[in-house]
Amino acid sequence: MSEPPPREASERLKDTDTDDIELQQGPPESGSGTTQSFESATRGRGRHGAPGAEVEADIILIAHPENQRLGSRFRLSPGSSLEIGRSAAVGISLPEVMSISRKHARLRYVGAAVTVEDLGSTNGTYVNGMPVRGRAVLRSGDRFQTAAVHFKFLHEQDVESAYHLAIYELVARDGLTEIYNKRKFDEEFSREFARAIRHERPLALIIFDLDDFKAINDSYGHLCGDFVLKQIASLTREFLRPEQLFARVGGDEFVILAPETSVDGAQALAAKLRDRVDSLDYRYGDAKIPVSCSFGVAELADGMTMTQDLYHAADQALFQSKRGGRNRVAVFAPEPS
């Protein structure tokens, strides 16, 4: 006698009180939370556990075929939806995973329930190993899979959610300045570089470092040097848009990755930062610390096929800034072919 077929995840809708769930097609499609950062993931969070309080949900990327962006968190608010796929237009965009369809699956937070729906994908959507047909209700702690990428679904009040946040902070943040580290930058740089080439979109990179930082450490001590680095990181964040990624990639070297930004826009941003850094009064105890930065700017151009090409161009511009007297902005100018 053959065994009965496995119970599909979507059958769990029958076990859930759906009186408050409207499963109609169409809007709302807005309000999807697309975040790779802690700030945007936690912005607007209210008190948890209060009677009648709306509880947000977290979608955590836990497995990737190339081990990219592990631990990334995506926010899902009540009344919103979030799509997953290779398309740049979806909330969780994974263009590097070819096994995922352009629009693979959709998450909806309606009433008290969060559902996942397969959007006719080639390789299917699964919840706890079971295929989804139609829509399946997710419970906190469930794992769901879109092709080769695995996620974990958590309601925010769960202790486990705080644990995943702590792990993500450890692997993605610089301990001193609390901005992104080189590992996070490398991951996002590869992703944005591929997206810019695929869709023929502008992408700019700014590299900057402190002038004579060694002299600051030697004259005032490394604690003073740490103080200056934190000051530079803090003031830089004030000038950046949410989609621009800011990271510390070396001792006193910082980068700003600016999607959808031309070289002119990146140069203007670097000039504002240079002026701001130069105008501040840096005091450590009774000592006034002379601080300035040099900037190199480059834009994705024809012939650049790897992230190293764009990084090298910005680094060359930074070298020109140093050689030109420091405390200035230089833009990479490719040699005529």
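1. Two strands are taken as paired if DSSP finds at least two bridges between them. In this predicted model, strand S12 (residues 203-210) and strand S14 (residues 253-259) run antiparallel and are joined by seven bridges.

2. S12 and S14 belong to an open sheet of five strands with mixed pairing, ordered S13-S14-S12-S17-S18. The edges are strand S13 (245-248) and strand S18 (329-331); each has a single partner strand, so one side of each lacks a neighbour in the sheet. From one strand to the next, the twist averages 15 degrees. Helix H3 (residues 182-199) packs on this sheet and touches S12, S13 and S14, with its direction at about 30 degrees to that of S14.

3. Within helix H3, Glu 188 and Lys 184 are four residues apart, about one helical turn. They form a salt bridge, with the closest N and O atoms 3.2 Å apart. Glu 188 is buried at 4% relative accessible area, and Lys 184 is buried at 3%.

4. Lys 322 lies in helix H7 (residues 307-323) and Asp 211 in the loop between S12 and helix H4 (213-220), 111 residues apart. Lys 322 is partly exposed at 23% relative accessibility, whereas Asp 211 is buried at 6%.

Notes:
Residues numbered from 1 in each chain as written. Predicted model: local features only at pLDDT ≥ 70, side-chain atom pairs only at ≥ 80, totals over all residues. Heavy atoms only, no water. Helix = DSSP H or I, 4+ residues; strand = E, 2+ residues; numbered from the N terminus. Axes fitted to C-alpha atoms, helices over the stretch in contact; angles between N-to-C directions. Contact = heavy atoms within 4.5 Å. Salt bridge = Lys/Arg side-chain N within 4 Å of Asp/Glu carboxyl O. Buried < 20%, exposed > 50% of the residue type's maximum accessible area, 1.4 Å probe, protein only.
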